[in-house]
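Morning, everyone. I'll take aromatic rings and then cavities. Here is the model.

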Amino acid sequence: MSKRVALAGFLHETNTFAPSKATFAHFEQGGGYLPLSRGHEILPRCRGVNLGISGALAHAGREGWEIVPVLWTGAIPSAHVTRDAYESIAGEIVAGIAAAGRLDGVFLDLHGAMVAEHLDDGEGELIARIRRVVGADVPIAASLDLHGNTTGLMVEKADLLVAFRTYPHVDMAETGRRAAEGLAMLMKRGKPFAKAFRRLPYLIPIPWQCTGLEPARSLYAETAGLEGGEIASVSYWMGFPAADIAECGQSIVVYGETQQAADRAADHLYARVLASEGAFAGRAYEPDEGVREAIRIAGAARRPVVIADTQDNPGAGGDSDTTGMLRALLRNGAGNAAIGMIVDHQAARAAHAAGEGAEIAIALGGRSGVAGDAPLEGTFRVEKVVSGDLHATGPYYGGTHMNVGLSACLAIDGVKVVVATHKAQMADLAMYRFVGIEPTEKAILVNKSSVHFRADFEPIAETVLVCTAPGPMPLDPADLAWTRLAEGMRLSPNGPAYRRSVHPRTMEA
């Protein structure tokens, strides 16, 4: 008899320091994800897309499972998920699983760093609620983001947690496949694996977590190499270092045939990550310094110099509307440059109202209240207006169809600006092309992203620079106003330790 498996997904990466919360409407729209999908409408929408649910469904087809699709939704990173949104979505997932009848297993596509207004551990609470519904004997497996802040409750209530191994996340569908394969093993064996859970004592800045760079590249190769024999699954999370909760940070989970084997593998990987602490480092530029360096390199280059506007990355909770890097381009006379995306629905509407070829005097972006940032007042030429539909075919989005609302290409002093209505991380060449900008023909590209853009842009880039214009996601976690982090957690590699017991923001070197 075929196995009967319920599938559901609820994804959000929460920056508790960010300016804007995630409402139910944000999950309905989806941002860079699929729109909220229920029941059998999930199946055609996720086919061939780089998401955990897609890989799981492909594996389910090979296994001949009877699938019970419940609900899948995700919203672009932001501040907390509102209580109403969390309870509505979680409630619908739990009710759907409860109503599914006999189940042999449950597959969940989650992020791992969700914080709601009323809950620090969004995923742990969801898994616990599902566990109460299905009982102790039905295995629950979850696919999770590499940036998950994995909690003790998640490990306790789930039978298998499986993390991405790439950043940029080009293996989301593959991770879903691995998690579904593990679920198949659990259903066949009829008993859980032994578990070993370890938490690391330091945070890592987002740009230096890139798995194309050392030491992450070697650490993830070693993570994969530990599997086999008595070890069924090994996951290493570098964590999302902008969640002011006690369990924010890196972690390791190993599943094995015996507790001894699981502990041995977990301790080995823990020692390797601890020894690599000092290697998580890189060069970042101030805005003017970075633009001047880009202009210098571009003078002899045949390909674009790509700049990461890392501190306004919408993939880490930024609103994608700060103007610091645009100002630096203009101040330094960076001709033949483009920046995207600046999210400003007022500017997008004004461009559409004026029409292509018109000039509009507007105040662009800068409305998130970020210290050191403000709207940029100027006269822009409307180069192109579009509805906002685009097909992101690069390795990160992996074929996702999305709509970013009314959008336009605005030009000012040799710089072209992609303006959109809804947030989506600039991580695909199509996100320039849909407004008529050919990115390969630009001397300089400024992307509001930290790392994900590398998957599609590095092949066309002369080099990549990281810049730190004002934004809500500081490159260095030590710059955040922590109040609830774990006692003694180092706020950056070999950096100061957080001491909550002495004073909310006291740190010691």
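W482 is buried, at a relative accessible area of 1%. Buried means under 20%, exposed over 50%, and partly exposed in between, using a 1.4 Å probe and protein chains only. This is a predicted model: local features need pLDDT of at least 70, side-chain atom pairs count only at pLDDT 80 or more, and totals for chains, interfaces and linings use all residues. Residues are numbered from 1 along each chain as its sequence is written, and side-chain values use heavy atoms, with hydrogens and water left out.

Now the rings. There are 9 aromatic pairs. Rings of Phe, Tyr and Trp (its six-membered ring) pair if their centres lie within 6.5 Å; planes under 30 degrees apart are stacked, over 60 edge-to-face, the rest tilted. F17 and W482 have ring centres 5.2 Å apart and planes at 80 degrees, so they pair edge-to-face. They sit 465 residues apart, F17 in the loop between β1 (4-11) and α1 (24-29), W482 in the loop between β19 (463-467) and β20 (497-498). Helices (H or I, at least four residues) and strands (E, at least two) are DSSP runs, numbered from the N terminus. F17 is partly exposed, at 22% relative accessibility. Ring pairs also join F10, F27 and Y86 into a cluster.

Next, cavities. How many of 30 Å³ or more does the structure hold? It holds 3. A cavity is a set of points, on a 1 Å grid over the protein atoms alone, where a 1.4 Å probe fits but cannot get out; lining residues have an atom within 4 Å of a point. The largest has 28 lining residues, with Y33, P77, Y396, Q425 and H452 nearest its centre.

Note on methods. On a 1 Å grid over the protein atoms alone, a cavity is a set of points where a 1.4 Å probe fits but cannot get out, and a pocket is an open set with protein on both sides within 12 Å along at least five of seven lines; lining residues have an atom within 4 Å of a point. Grid points are joined across faces, edges and corners, and a volume is the space filled by probe spheres set on the points.
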